[in-house]
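This briefing concerns the structure shown below. It is arranged by topic for reading alongside the sequence.

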Amino acid sequence: MSRSLAARAARFAVVVLAAAGLSACGVNSVPTAEENAKAKWADVESAYQRRADLVPNLVATAKAAASSETQILTNVTNARAAATSINIRTEDLSDPATFEKFQNAQNQLTQALGQLRTVVENYPTLQSQARFADLMTQLEGTENRINVSRTRYNEAVQEYNTTIRTFPAVVAAKVIYGAKPMVPFKADAGASSAPKVDFGTMENPPAAVAAPRGGANDNPAPATSAVAGQ
């Protein structure tokens, strides 16, 4: 082998070893796990938005047959306003305080919708309306989507958090990326018994809300596992 060929082979070997070393240190695995978790978070946001879009029509339809239940209908509207007022940016996924506010607001809407279901049980006329039945079917499908997307997000967060704490990826996580753990969804302190929700302190409910964008066929495949807190 000529000296020039040997030199080129040596340089190629150095490049290969350097690339392998960087890969082993998490240069690729850390951002890969991070982007996967962010993608799963986008699915969570989409599912919650689908639910928020259904609420105005649900409330409007219920008013026609259950106009005396103004407090519960107001609760649902106010809870929707609170839930949609908190936006989580991807950088906020590492901020426990902001994430907790988002989760609490979504949980309040879940509980308010539970109150609406109680109203439905007491008004046969409302149950018999095809439009309302269709909306409730869409809501059930959307809640299933929320459950599935939260499960997958939690799994991706666990993978990312494990990656940035495990050697040798922890080297790249700390030195190159300054990575911080992401926050998963967790069970509420009172998840075993539905807590009372006080909407009395909410101010300035929206005068109008957006029309739903979801379609009638809103049921995904049943979730294989449940996420705590739903």
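**Helix packing**

Helix 2 (residues 29-65) packs against helix 4 (residues 96-121) at an angle of about 35 degrees, and their axes are 12 Å apart. Axes are lines fitted to C-alpha atoms, for helices over the stretch in contact, and angles run from 0 to 180 degrees between N-to-C directions. Helices are DSSP runs (H or I, at least four residues), numbered from the N terminus. The model is predicted: local features need pLDDT of at least 70, side-chain atom pairs count only at pLDDT 80 or more, and totals for chains, interfaces and linings use all residues. Residues are numbered from 1 along each chain as its sequence is written, and side-chain values use heavy atoms, with hydrogens and water left out.

**Contact of helices 2 and 4**
- In helix 2, W41, Y48, R51, V55, L58 and A62 meet residues of helix 4 that include F99, F102 and Q106 (contact means heavy atoms within 4.5 Å).
- By class, this contact has 10 nonpolar, two polar and one charged residues; Ala, Val, Leu, Ile, Met, Phe, Trp, Tyr, Cys and Pro count as nonpolar, Asp, Glu, Lys and Arg as charged, and the others, Gly among them, as polar.

**Salt bridges**
- The structure holds six salt bridges, each a side-chain nitrogen of Lys or Arg within 4 Å of a carboxyl oxygen of Asp or Glu.
- One of them joins K38 to E34, with the closest N and O atoms 3.4 Å apart.
- Both K38 and E34 lie in helix 2, four residues apart, about one turn of the helix.

**Around helix 7**
- The peptide bond from F167 to P168 is cis, with omega near 10 degrees.
- P168 lies in the loop between helix 6 (130-163) and helix 7.
- Helix 7 spans residues 169-177 and contains I176.

Notes: Helices (H or I, at least four residues) and strands (E, at least two) are DSSP runs, numbered from the N terminus.
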